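Hi everyone, thanks for making time this morning.

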Amino acid sequence: MEHKISIYNSLTGKKEILVPRNEHYVGMYVCGPTLYSEPHMGNMRTFINFDLVFRCLLHAGYKVKYVRNITDAGHITNSAGQEEDSIGKAARAEQLQSLEIVYKYNVKFQELQRLYNMLPPSIEPTATGHIQEQIEIIEKILENGYGYVINGSVYFDTKKYMQDYNYGILSGRKVEEQENETRALNNQEEKRFFADFALWKKANPDDMQIWRSPWGDGNPGWHIECTAMSTKYLGKQFDIHGGGMDLKFPHHEDEIAQSCGSFGCQPASIWMHANMLNVNGQKMSKSLGNFFLPKEIVEGTSSLFQKPFPPNVIRFFMMQAHYRSTLDVTEKGLEAAEKGMGRLLEAISLLNKLPSSTSSSVDINALLDSFDKAIQDDFNAPILIANLFEAVRYINLINDSKETISKDDLIKLTEAMSTFVYDILGISSEDKSQDNRLGPVMDLVINLRDQAREQKDWTTSDKIRDGLSAAGIIVKDSKDGTKWS
RNA sequence: GGUCUCAUGGCCGAGCGGUUAGGCACCGGUCUGCAAAACCGUCUACAGCAGUUCGAAUCUGCUUGAGACCUCCA
């Protein structure tokens, strides 16, 4: 069974019902990381958000081919007014070869995906593995007259393209208005028009990676790899193309131009853009230095936070904000998420102990419907979470015998809670791993304290409690016995 | 400078013309040897000004403030 999913399409600025090109199948391409360094938390947010999308599509019953590329060819940067590629730069800094750099950070990236409980995409193709495909598309663009060769480099002829297509269709940019505003770029003199962009770049003598092409040795342009790989794995036209907001222009705009320029059609029906992770109201970015690494927050070594937060909490925190909104990371925010998520998981663990009655005093079907509706409406995880907390309240009230639930409804609710929390939101269900030697010790200590309490020996029991507290272990007494954490 | 987005209660964050978002904190209660924890309940905001409407956080205009993109960027 498939459900209607509506998605905000950046291309049209409207929510649209997803109608896959091939019934039951969804093709989704998401721009992945450039592996010249360890991805920071902001990068991760985008991938976590598309992991949510992936999970929702699967839940809706689609067979999904999820392609997320790995950019392992360094592209020319002009940030410091100098021309060098990001991966080559990192390689020189670390005294490694380019592919070592890429491999090293790819291993880390894969670890992070597991750490943050992301489902692996269907395929993660690399740019360097698809040089031939990129060359072929460039050739098509040249054949169609939308590119030109100069000094061993190939550029996209934006002016020519604009005669036949709408350059700026995605980003809403008007090239004419932009010309005077754009800052001077290096090698601009090679381009015929300021808005032209490189499809193939002639090699520099000190480039660490060089490929052969019909135009001489060089490197592929930044945008062409996505066109090549999305075409190869999903076809000339597919359903969803995603990426971070900051890729909308020029990267995605140029992808559209390349597809139109080579195949005469737009690549994706729906364009999705995930919004940025902010720190103090500003986009988390390398250059600003306001970033932290996914591992730092888990290990508590980030200077931005006093204490460590588990990946689950970070994921939950992110899920509380919609993917199209910016999200500010703060310690307070993470703490709130941690407590809230704890309450949610606690309620879930209560489910199998819940007494069932002959009838339900709450409309479980409506509740479960609200879960589905939330994610069907542009993957609205915050609404889903709000509705899950409604369920939490019901669960607790049932536990207190203030509401009732029928056996059938209890089964349905249990299944749904697990599905939406674990499978959709991607909260991992594994228990906190504790030192397995501590367990028996704690059992003993708790046992001793219980004995003291039975004898109303409050001095001893409180001494144990205070002692444990000093060691960072909190003792919680409840009707069902004593717990610790 | 150009293009665009956003401004919600103590904090974080939904909301897409009329109905309680939700979480955290606070406060009140239940439970408890005490404490903590847990659970229940309460708190009712929409930057400012004007307009449209029977009705606006939600639409329009202006003002102020913040951010993104225009250059590598998730």
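Let's begin with one pair of side chains: Arg315 and Asp51 meet in a salt bridge, at 2.6 Å from N to O. Please keep in mind that this is a predicted model.

So where do these two residues sit in the chain? Between domain 1 and domain 2, the count is 2 salt bridges. Across that interface there are also 12 residue pairs in polar contact, both residues of each pair having pLDDT of 80 or more.

Now let's step back and look at the whole contact. How much area is buried between domain 1 and domain 2? About 2100 Å², and carbon and sulfur atoms give 62% of that. On the domain 1 side, three residues deserve a mention: Arg45, Leu52 and His59 supply 30% of the area that domain 1 buries against domain 2, more than any other three residues.

I mentioned β12, so let me show you the sheet to which this strand belongs. It is an open sheet of 4 strands, in the order β4-β3-β11-β12, with parallel pairing. Why do β4 and β12 each have one side without a neighbour in the sheet? Because β4 (63-68) and β12 (268-274) stand at the edges, each with a single partner strand. From one strand to the next, the twist averages 20°.

Let's zoom in on the pairing of β3 with β11. Residues 25-30 make up β3 and residues 238-244 make up β11, and these strands pair in the parallel sense over 3 bridges.

One last element, and then I'll stop. Helix α7, residues 224-234, lies across β3, β4 and β11. The helix runs at about 160° to β3.

That's my tour, and I'm happy to go back to any part of it.

Terms used:
Residues are numbered from 1 along each chain as its sequence is written. Chains are lettered from A and ligands numbered from 1 in the order in which they are written. This is a predicted model: local features need pLDDT of at least 70, side-chain atom pairs count only at pLDDT 80 or more; totals for chains, interfaces and linings use all residues. Side-chain values use heavy atoms; hydrogens and water are left out. Two strands pair if DSSP finds at least two bridges between them. Helices (H or I, at least four residues) and strands (E, at least two) are DSSP runs, numbered from the N terminus. Axes are lines fitted to C-alpha atoms, for helices over the stretch in contact, and angles run from 0 to 180 degrees between N-to-C directions. Contact means heavy atoms within 4.5 Å. Buried area is the accessible area (1.4 Å probe) that two parts lose on being put together, summed over both. A salt bridge is a side-chain nitrogen of Lys or Arg within 4 Å of a carboxyl oxygen of Asp or Glu. A polar contact is a pair of N or O atoms within 3.5 Å; within protein, one must be able to donate a hydrogen and the other to accept it, and residues adjacent in sequence count only if both atoms are side-chain atoms.
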